[in-house]
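Reader: Got the model open. Can you walk me through a few spots?

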Amino acid sequence: MGEFAERFAIPVVEHRQRHLSLSADHPCHLGYDPTPFVKEADAILVIESDVPWVPSRVQPPGGCRVIHIGIDPLFSRYPIRGFPCDVAIAGLPRLVLPKLGAALKVAEAEIAARRGALAERRSAQRAGWRELREEMAAQTPIHPAWVSHCLSKARAKDAILVNEYTLLNEHCGSTDPGGYFGSSPAAGLGWGAGAALGVKLAKPERQVIAILGDGSHIFSNPVAVHHAATMHKLPVLTIVINNAMWGAVRRATLGMYPDGEAARSNKPPLIDLDDLPAFETICVAAGGYGERVEDPKELPAAMRRALNAVDGGQQALLNVISRGGAGG
């Protein structure tokens, strides 16, 4: 992927990533939201993505050509899938992309111009991300962008991240193959905590960090998770970005029905989670380290304390009180 993108100066967006496809520091990496790029594209190459963009938010312009690559590029087992497809190429991307690269004939001047435009856009994008982090650094409740940024500074370089919705990858990008796992299509809410234990079991020498929403952590059965971590000696750091709501449900509802009744309501139904337990005490009860964090200025030090505990062989949990809109 990286070689193909760099050779032809093709911008790459990892939408709803489930694993690391391209290092976040690659010069062709343009983040995780396809919306601003889809609406201006003249060609889109979709690689193993069942939902390459959200149709209610953006559509390709007329005349844009869409090529899908994957084992089943049309996702034929899905009962409904309406994304346009001008060319479908069935095969493993790692085998298809070199052959596609060999077949493409593009003028070097065109590639050079595209490379310059890509670099400018990437620089502006990263500057926007930095501005958001600086703006959110003192905000309470704590913004997920600040949580993600603090984690990017505190984690080990080869740490493995297990993200169930709440980590904002633009503020905590992964660069090492096998260093990131997003929500699996094989499971729903509650997948992340158990997955992190499995990753730690497979890679005991690596720092493993699970980033969860409060709702998804409830679905993971926290008592069983922390008991298993102690019993099997799996020191994982769990970060709960706690906004007291089903944030994933809220995002899905507003994404599909941005002008619906839920969007107009001050309190959409079936979203709020009131009177949540103190998640950190559940970890402590299982012999781990636990801490509740409400002040954004205290978060970097709390991250260090929790990771020191994990590196010393003790599981840890940070219950980070966040704002509405993120979390799961």
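Reader: Start with C283. Buried or exposed?
Author: C283 counts as buried, because its relative accessibility is 0%. Buried is under 20% relative accessible area, exposed over 50%, and partly exposed in between, with a 1.4 Å probe and protein chains only.

Reader: And the ground rules?
Author: Residues are numbered from 1 along each chain as its sequence is written, and side-chain values use heavy atoms, with hydrogens and water left out. The model is predicted: local features need pLDDT of at least 70, side-chain atom pairs count only at pLDDT 80 or more, and totals for chains, interfaces and linings use all residues.

Reader: Switching to α12. What's its extent?
Author: Helix α12 runs over residues 299-311, which is 13 residues. From first C-alpha to last, α12 reaches 18 Å, close to the 18 Å expected at 1.5 Å a residue. That expected span is 1.5 Å times one less than the number of residues. Helices here are DSSP runs of H or I, at least four residues, and strands are E runs of at least two, numbered from the N terminus.

Reader: Which residues of α12 are buried?
Author: L299, A302, M303, A306, L307, A309 and V310. They lie on the same side of α12, because they cover an arc of only 150 degrees around the axis. The arc is taken from the directions between the helix axis and the C-beta atoms. On the other side, N308 and D311 are exposed.

Reader: Why would spacing give one face?
Author: An α-helix has 3.6 residues a turn, so residues three or four places apart point the same way.

Reader: What do the buried residues of α12 pack against?
Author: α5 (144-154), plus strands β6 (208-213), β7 (237-242), β8 (289-293) and β9 (316-321). Contact means heavy atoms within 4.5 Å. Just after α12, G313 takes a positive phi of about 100 degrees.

Reader: β7, then. What does N242 in that strand touch?
Author: N242 is found in β7. Leaving aside neighbours within four places in sequence, N242 is in contact with D214, L276, F279, N319, V320, I321 and S322. N242 is buried, at 7% relative accessibility.

Reader: What covers the buried residues of α6?
Author: The cover includes β4 (160-163), β5 (180-182), β6, α7 (214-219) and α8 (222-231). Among the buried residues of α6 are W191, L197 and K200. Helix α6 itself spans residues 191-202.

Reader: Where is G179?
Author: In the loop between β4 and β5. G179 is buried, at 3% relative accessibility. Its C-alpha is 7.9 Å from that of H19, 160 residues apart along the chain. Not counting residues up to four places away, G179 touches A159, I160, L161, S174 and R206.
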